[in-house]
Amino acid sequence: MTQPLPFLSTLLGAERPLIMEVKARDAQGGNLLRGRAPGDLAAAYERSGAPCVSVVTGRWFGGSAAMLTEVTTRVRVPVLLKDFVTRRDQIAAAASAGASAVLLTAALLPPESLHGLARECQEYGLTPFVEITRAEEAVGLPDPHRCVIAVNNKNIAARERDAGDLDRSRALLPAVRAAGTLCPVSAGAVSGPEVAAGLLAEGYAALLVGTALLRAPSVEAWLREFDACRARAVVPETIPVPATASVPPSVTVPAGPAPAPPPTLEEPLLPAGPVAEAEGAPV
């Protein structure tokens, strides 16, 4: 088996498996940096023990390509580029700027494009960080043991302005594991230390935490509370599966009305904002 890529192997070996995120604005446009430079913030995360850092460069959240370079030149830990990546040249640019992983949003890409971009990432030595919201989006990834599969608990079609749905992570964990990744991640809506500790106890290998840390009065205090919550967390005997969630065929859900089918490729999956920001047709 091919060895895991650096971002993935670092995350798997982390004592505190949190990807700490640098983001300029929240989904409502609120200022998250509050006068802090992205590079300074990333360096502070590294000092606090972050195994990996994420940087949101998409204009949707007030980012820019310059933020990635600013962060990668300040930290030695692996860095995840978070943007709407749809083209191979974006992956090449991420590698040149020092990224170690690239976000690939399954809702934005047809499966063949998603899989092609994942292969492209691997050829550059970057970890494909594949973000899903439905079980079928995790199926068929190339070399899945070299991919991170992350469940996004937020609604992209609503520009992530919702409160998030952690039941999605709970419901999709069996499908993510079955897809072959070594590192299932829960991303978005991780609102506090107790929630974070609970998700790890339920079986996630790592978490991506953004707004909660950016708004915390003290990152160190947040992490101390997280460590304490994790020390006393109890692994549940079963993971609840809501009937409305997308689940793999092996998971049984309570009887009830059949859920609405997912949108077809002819229907728009995303509002104009993210699509326009992607700046090009999928490869």
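Predicted model: local features only at pLDDT ≥ 70, side-chain atom pairs only at ≥ 80, totals over all residues.
1. Overall content. The protein has 10 helices and eight strands, and of its 283 residues 52% count as buried. Among contacts between residues at least 6 apart in sequence, 68% join residues at least 24 apart. The protein exposes about 12,400 Å², and carbon and sulfur atoms supply 53% of that area.

2. The eight strands form a closed barrel that runs in the order 1-2-3-4-5-6-7-8, with parallel pairing. From one strand to the next, the twist averages 25 degrees. As one example of the pairing, strand 3 (residues 79–82) and strand 4 (residues 101–105) run parallel and are joined over two bridges, with leucine 80 having alanine 101 of strand 4 as its bridge partner.

3. Strand 6 and its neighbours. Strand 6 pairs in the parallel sense with strand 5 (residues 127–132) over four bridges, and it pairs in the parallel sense with strand 7 (residues 183–187) over five bridges.

4. Burial of strand 6. Five of the five residues of strand 6 (residues 148–152) are buried, so this strand is largely enclosed by the rest of the structure. Helix 6 (residues 166–178) lies across strand 5, strand 6 and strand 7, and it runs at about 155 degrees to strand 6.

5. Helix 4. In helix 4 (residues 88–96), the residues Gln90, Ile91 and Ala94 are buried. Seen down the axis of helix 4, its buried residues fall within an arc of 100 degrees, so they line one face of the helix. Glutamine 90 has a relative accessible area of 16% and is therefore buried, the cut-off being under 20%. Glutamine 90 and valine 102 are separated by 12 residues in sequence and by 9.3 Å in space, taken from C-alpha to C-alpha. Just after helix 4, glycine 98 takes a positive phi of about 100 degrees.

6. Helix 5, length and packing. The 13 residues of helix 5 (residues 111–123) should span 18 Å at 1.5 Å a residue, and the end C-alpha atoms are 18 Å apart, which agrees with that expectation. The buried residues of helix 5 are Ser113, Leu114, His115, Gly116, Leu117, Ala118, Glu120, Cys121 and Gln122, and these buried residues pack against helix 4, strand 4 and strand 5. Just after helix 5, glycine 125 takes a positive phi of about 80 degrees.

7. Histidine 115. Histidine 115 is found in helix 5 and, at 14% relative accessibility, it counts as buried. Leaving aside its neighbours within four places in sequence, histidine 115 is in contact with Val139, Gly140, Leu141 and Pro142.

8. Backbone angles to inspect. Most residues other than glycine have a negative phi. Aspartate 143 is not a glycine, yet it has a positive phi of about 45 degrees; the place of aspartate 143 is in the loop between strand 5 and strand 6. With a relative accessibility of 35%, aspartate 143 counts as partly exposed, because that value falls between the limits of 20% for buried and 50% for exposed. Alanine 189, which is also not a glycine, has a positive phi of about 65 degrees, and alanine 189 lies in the loop between strand 7 and helix 7 (193–201).

Definitions and conventions
Residues numbered from 1 in each chain as written. Heavy atoms only, no water. Buried < 20%, exposed > 50% of the residue type's maximum accessible area, 1.4 Å probe, protein only. Pairing = 2+ DSSP bridges. Axes fitted to C-alpha atoms, helices over the stretch in contact; angles between N-to-C directions. Contact = heavy atoms within 4.5 Å. Arc of directions from axis to C-beta. Areas by Shrake-Rupley, 256 points an atom, 1.4 Å probe, with all protein chains shown as cover. Expected span 1.5 Å × (residues − 1).
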